[in-house]
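This briefing goes through one structure, topic by topic. Please keep the sequence and the coordinates open while reading.

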Amino acid sequence: MSDSMPLPQGQWPVLQPGWVWLCGAGPGDPGLLTLHALNALRQADVVIYDALVQEAILDWAPQAEHIYAGKRGGKPSAKQRDISLHLVDLARDGKRVLRLKGGDPFVFGRGGEEAQTLVQHGVPIRIIPGISAGIGGLAYAGIPVTHRDVNQSVTFVTGHDQSGNATGSLDWQAISKGSQVIVIYMGMKHIAHIAAQLLAAGRPLSEPVAIVTNATTEHQQVLETTLGTCVADIEAAGTEPPAIICVGRAAAMRQVLDWQGQMAGEAPRNLDPLGRGRPAESA
Ligand code: SAH
């Protein structure tokens, strides 16, 4: 893709000096950026980006200074404060600031906190949503986050709180009862605890679980397992974060919808993993 590729005709917003745009970069694949994100990259003086933002995306802002604000897994919140105040300082210096965050800025990304700090300091903002890993990352693994035969609701949870501890505040009984599909961000560190809680809440040992690491990037890997065996399987496979964990029968749909495998020449493993007949025939 050439840097000079024009945006489609239309009124694209202008990133003014002294403004901060908080923007989602999607889960990895640069093609999953929005056009608003591209418009922002073209105009920024400074791009301040997180660990999960692919470096290739920064190539689309060659004119800008690139500042890494990476922070993985429950570091002290002072760091978050530093990032927010750094954004304030950059804006006050009259920079056009693009704050680029992985996925969607308002999904487990502390985008809300950063935006609030900016507003509290009188810095004008714009929010540009992005494709969250818990939706787009699963789609790249061939897993529909909702599927008519499986779930009428989906729950997004974070596997640990700000201090890196397992989220004691989550009511796993209620989540387990209320949501056939559970999508867990930042869940790898406490997967043993989470699986035990879900099993204790009555979910079956055989419940399908898919773990998608580095989703949508060239390093994407998918571990297909079950609630009963996931801890041992993760250990055996050496699966490392960043990972999205999908618990629920939607994960089994990968057996028919692993489109990346199919592009690589693999046959679908099972045309009807949920045993419901073909959707078009039972509509
Ligand atoms: N705002 C982001 C989430 C930030 S929290 C979003 O909307 O996607 C960081 C967590 O997101 C990671 O620990 C991991 O659980 C998940 N994540 C983000 N990008 C990912 C990717 N490419 N592959 C797998 N998991 C990802």
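Two strands pair if DSSP finds at least two bridges between them. With that in hand, in S3 the bridge partner of valine 46 is glutamate 65. The model is a predicted one.

**First sheet**

- An open sheet is formed by 5 strands in the order S3-S2-S4-S1-S5, and the pairing is parallel.
- Its edge strands are S3 (65–68) and S5 (125–128), each of which pairs on one side only.
- Neighbouring strands of this sheet are turned against each other by 20° on average, direction ignored.
- Strand S2 (residues 46–49) and S3 run parallel and are joined by 4 bridges, and the pair of valine 46 with glutamate 65 belongs to this pairing.

- Another open sheet has 5 strands in the order S6-S7-S10-S8-S9, with mixed pairing.
- Here the edge strands are S6 (154–158) and S9 (221–226), and each pairs on one side only.
- From one strand to the next, the twist averages 20°.
- S6 pairs with strand S7 (residues 181–185) in the parallel sense, over 5 bridges.
- Within this pairing, valine 154 stands opposite valine 181 in S7, and threonine 158 has tyrosine 185 in S7 as its bridge partner.
- S7 and S10 run antiparallel and are joined by 4 bridges; valine 183 stands opposite cysteine 246 in S10.

**Strand S7**

- How many of the 5 residues of S7 are buried? The count is 5 of the 5, so S7 is largely enclosed by the rest of the structure.
- In a regular strand, side chains alternate between the two faces of the sheet.
- Val181, Val183 and Tyr185 point one way from S7, while Ile182 and Ile184 point the other way, and all are buried.

**Helices**

- Helix H1 (residues 35–43) has Ala37, Ala40 and Leu41 as its buried residues.
- These residues cover an arc of only 100° around the axis, which puts them on the same side of H1.
- The buried residues of H1 pack against strand S1 (20–24), strand S4 (97–101) and S5.
- Helix H5 (residues 133–140) lies across S6, S7, strand S8 (208–213) and strand S10 (243–247), and it runs at about 80° to S10.
- In helix H7 (residues 191–200), the residues Ile191, Ile194, Ala195 and Leu198 are buried.
- Their arc around the axis is only 95°, which puts them on the same side of H7.
- The buried residues of H7 pack against helix H6 (172–178), S7, helix H8 (230–237) and S10.
- Glycine 202 follows H7 and has a positive phi, near 105°.

**Ligand shell**

- Which of the 25 residues around the ligand come nearest? They are Gly103, Gly109, Ser132, Ala133 and Ala215.
- By class, the shell around the ligand has 13 nonpolar, 10 polar and 2 charged residues.
- H5, S8 and S10 each supply at least two residues of this shell.

**Serine 132**

- Serine 132 is among the residues that come nearest to the ligand, and its place is in the loop between S5 and H5.
- Is serine 132 buried or exposed? A residue is buried if 20 or more other C-beta atoms lie within 10 Å of its own; serine 132 has 25 C-beta neighbours inside 10 Å and therefore counts as buried.
- Leaving aside its neighbours within four places in sequence, serine 132 is in contact with Gly103, Asp104 and Val107.
- Serine 132 and phenylalanine 108 are 24 residues apart in sequence, and their C-alpha atoms are 9.5 Å apart in space.

**Backbone features**

- Asparagine 214 is not a glycine, yet it has a positive phi of about 45°.
- Asparagine 214 lies in the loop between S8 and S9, and it is buried, with 20 other C-beta atoms within 10 Å.
- Threonine 216 is not a glycine either, and its phi is positive at about 70°.
- Threonine 216 lies in the loop between S8 and S9, and it is buried, with 24 other C-beta atoms within 10 Å.
- Proline 241 and proline 242 are joined by a cis peptide bond, with omega about 5°.
- The place of proline 242 is in the loop between H8 and S10.

Terms used
Residues numbered from 1 in each chain as written. Axes fitted to C-alpha atoms, helices over the stretch in contact; angles between N-to-C directions. Contact = placed C-beta atoms within 7 Å. Buried ≥ 20, exposed ≤ 12 C-beta atoms within 10 Å, placed from the backbone. Arc of directions from axis to C-beta. Near = placed C-beta within 6 Å. Nonpolar A, V, L, I, M, F, W, Y, C, P; charged D, E, K, R; others polar.
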